[in-house]
Amino acid sequence: MTAVEQTRHLATTIPGPKSSALIERKTAAVSRGVGTTMPVYAARAAGGIVEDIDGNRLIDLGSGIAVTTIGNASPRVVEAVAAQAARFTHTCFMVTPYEEYVAVCEQLNRLTPVAGDKRSALFNSGSEAVENAIKIARSYTRKQAVVSFDHAYHGRTNLTMALTAKSMPYKHGFGPFAPEVYRAPLSYPFRDAEFGKELATDGELAAKRAISVIDKQVGADNLAAVIIEPIQGEGGFIVPAEGFLPTLLDWCRKNDVVFIADEVQTGFARTGKMFACEHEGIEPDLIVTAKGIADGLPLSAVTGRAEIMDAPHVSGLGGTYGGNPVACAAALATIATIESDNMVARAAEIEKLMKERLGRMQADDDRIGDVRGRGAMIAVELVKPGTTEPDADLTKALCAAAHAQGVIVLSCGTYGNVLRFLPPLAISDELLNEGLDILAAALKAS
């Protein structure tokens with residue numbers, strides 16, 4: 001395995017000639033519906049660097065959208081994947097099962113903050129796992145309705161599009177969507193401040209607002225599950241006010257409603273805990289995981305209380321590729337790396353560094369309306385000067401400027417005005433600071 005030098009380097013303008021040629025090939029060969037963020041094509045990646053086919057080395061502040069949490073091509077993962085691929089690549093667990101699937105489920109049952117006896121089932125993508133969590137909840141409760149929240153993102157399949165809040169680009173033109181899906185207001189402290197300080201800071205009050213909507217529009221007797229991201233991802237890295245999640249969970253428990261935590265983006269050390277639910281000490285009924293679970297290989301899971309997970313009939317869950325043995329080998333190596341290299345603590349260090357630096361930038365520029373997030377899941381919400389009005393144009397301009405200087409940064413948010421940072425936990429402080437230097441210069445120049 002060839003090492004990738006851990007420095008930013010621009011050998012050409014971005015995009016370089018080789019990437020430009022591939023952009024033309026993509027236009028001719030790939031559906032227009034598949035967009036790309038960066039105008040470059042990757043050749044190698046490791047640590048905090050992605051190197052493109054023109055020899056440009058880019059600082060990675062995206063981790064492939066929170067996937068390569070332990071660093072791209074992490075040595076344990078590479079070794080485990082190669083060894084498993086040499087043994088066998090597929091038999092279908094539902095036909096000829098294998099130990100690797102069972103071992104991943106055992107690790108998930110050990111790690112996830114779900115109370116009591118647990119079971120897990122493995123799938124391919126976050127969307128697929130969310131769909132199966134809803135199936136499991138409906139089977140257990142014998143009820144049909146599901147509630148998700150404002151600003152939520154849960155996937156791109158039909159049911160998960162219904163759960164997702166934002167229309168463009170995720171839902172526009174793709175309906176009709178799955179029925180019996182309802183939406184409740186989220187605790188969004190930065191935006192809730194417009195309606196009074198108490199609502200912005202009192203999570204219990206915000207939860208009561210959501211519960212009131214659920215009671216009136218759905219009713220607990222019809223409600224199978226509430227699904228929520230403990231920290232919202234695509235919606236803008238929104239951290240609910242303290243008390244919001246516990247109050248919501250308590251209501252679910254009292255009303256026989258399954259509480260599903262979607263930890264697809266927040267799981268596996270990303271937020272400075274192994275799972276984001278742990279920040280408020282809540283124990284969901286079901287937890288959905290994907291992304292960081294296998295360092296880039298397609299794998300996802302639903303883990304939960306045994307009596308809920310065992311509710312579906314035999315063969316009611318599964319899929320041809322679900323829990324593929326190569327992906328399972330990657331997941332086992334990923335978990336081993338997180339634990340042996342103390343990646344949870346590293347995420348907390350990254351949070352401190354980034355919040356201190358971004359906080360100083362905010363103090364000097366009132367266009368940074370909010371700095372928020374946990375661990376290596378940090379965001380800034382950009383607004384027009386002296387207001388809380390979202391500034392999507394500034395966000396696009398900063399992304400473009402960073403990309404041109406060799407820094408991979410992503411945007412998100414319902415209003416398109418949030419810069420999000422998801423660096424791999426293997427990134428150095430030097431690369432992090434350099435990336436933030438470039439962002440600060442772009443902001444000053446804009």
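The model is predicted, so local features need pLDDT of at least 70 and side-chain atom pairs count only at pLDDT 80 or more, while totals for chains, interfaces and linings use all residues. Residues are numbered from 1 along each chain as its sequence is written, and side-chain values use heavy atoms, with hydrogens and water left out. Helices (H or I, at least four residues) and strands (E, at least two) are DSSP runs, numbered from the N terminus. Two strands pair if DSSP finds at least two bridges between them. Axes are lines fitted to C-alpha atoms, for helices over the stretch in contact, and angles run from 0 to 180 degrees between N-to-C directions. Contact means heavy atoms within 4.5 Å.

**The seven-stranded sheet**

- Seven strands make an open sheet with mixed pairing, in the order β4-β10-β9-β8-β7-β5-β6.
- Its edges are β4 (118–123) and β6, each with a single partner strand, so one side of each is left without a neighbour in the sheet.
- From one strand to the next, the twist averages 20°.
- Inside this sheet, β8 (residues 258–262) and β9 (residues 286–289) pair in the parallel sense over three bridges, and I260 stands opposite L286 in β9.
- Helix α4 (residues 99–111) lies across β4, β9 and β10 (300–305), and runs at about 130° to β4.
- Helix α9 (residues 203–217) also packs on the sheet, where it touches β5 (145–149), β6 and β7, and its direction makes about 150° with that of β6.

**The four-stranded sheet**

- A further open sheet has four strands in the order β11-β12-β15-β14, with antiparallel pairing.
- The edge strands here are β11 (368–374) and β14 (410–412), each pairing on one side only.
- Neighbouring strands of this sheet are turned by 25° against each other on average, direction ignored.
- Six bridges hold β11 to its antiparallel partner β12 (residues 377–382), and V371 has V380 of β12 as its bridge partner.
- Helix α14 (residues 392–404) packs on this sheet and touches β12, β14 and β15 (418–421), with its direction at about 40° to that of β15.
- K396 belongs to helix α14 and counts as exposed at 58% relative accessibility (exposed is over 50%, buried under 20% relative accessible area, partly exposed in between, with a 1.4 Å probe and protein chains only).
- The C-alpha atoms of K396 and I338 are separated by 33 Å, and the two residues are 58 apart along the chain.

**Two helix pairs**

- Two packed helices are described by the angle between their axes and the distance between the axes.
- For α3 (residues 75–87) and α12, the angle is about 155° and the axes are 8 Å apart.
- Helices α3 and α12 are therefore roughly antiparallel to each other (angles over 145 degrees count as roughly antiparallel, under 35 as roughly parallel, 65 to 115 as roughly perpendicular and the rest as oblique).
- By class, the contact of α3 with α12 has nine nonpolar, four polar and one charged residue (Ala, Val, Leu, Ile, Met, Phe, Trp, Tyr, Cys and Pro count as nonpolar, Asp, Glu, Lys and Arg as charged, and the others, Gly among them, as polar).
- Helices α13 (residues 343–364) and α15 (residues 429–445) pack at about 25°, with their axes 11 Å apart, and are therefore roughly parallel to each other.
- The crossing of α13 and α15 is right-handed.
- Among the residues in this contact are I350, L353 and R357 of α13 and L432, L436 and D437 of α15.
- Ten nonpolar, one polar and four charged residues make up the contact of α13 with α15.

**Backbone spots to look at**

- Most residues other than glycine have a negative phi, and most peptide bonds are trans.
- The M168 to P169 peptide bond is cis, with omega near 10°, and P169 sits in the loop between α6 (158–163) and β6 (181–184).
- G175 and P176 are joined by a cis peptide bond with omega about 5°, and P176 lies in the loop between α6 and β6.
- F237 is not a glycine, yet has a positive phi of about 55°; F237 is in the loop between β7 (223–228) and α10 (244–254) and is buried, at 0% relative accessible area.
- S315 has a positive phi near 75°; S315 is placed in the loop between α11 (306–309) and α12 (325–340) and is exposed, at 69%.

Definitions and conventions:
A crossing is left-handed if the near helix is turned anticlockwise from the far one by less than a right angle, and right-handed if clockwise.
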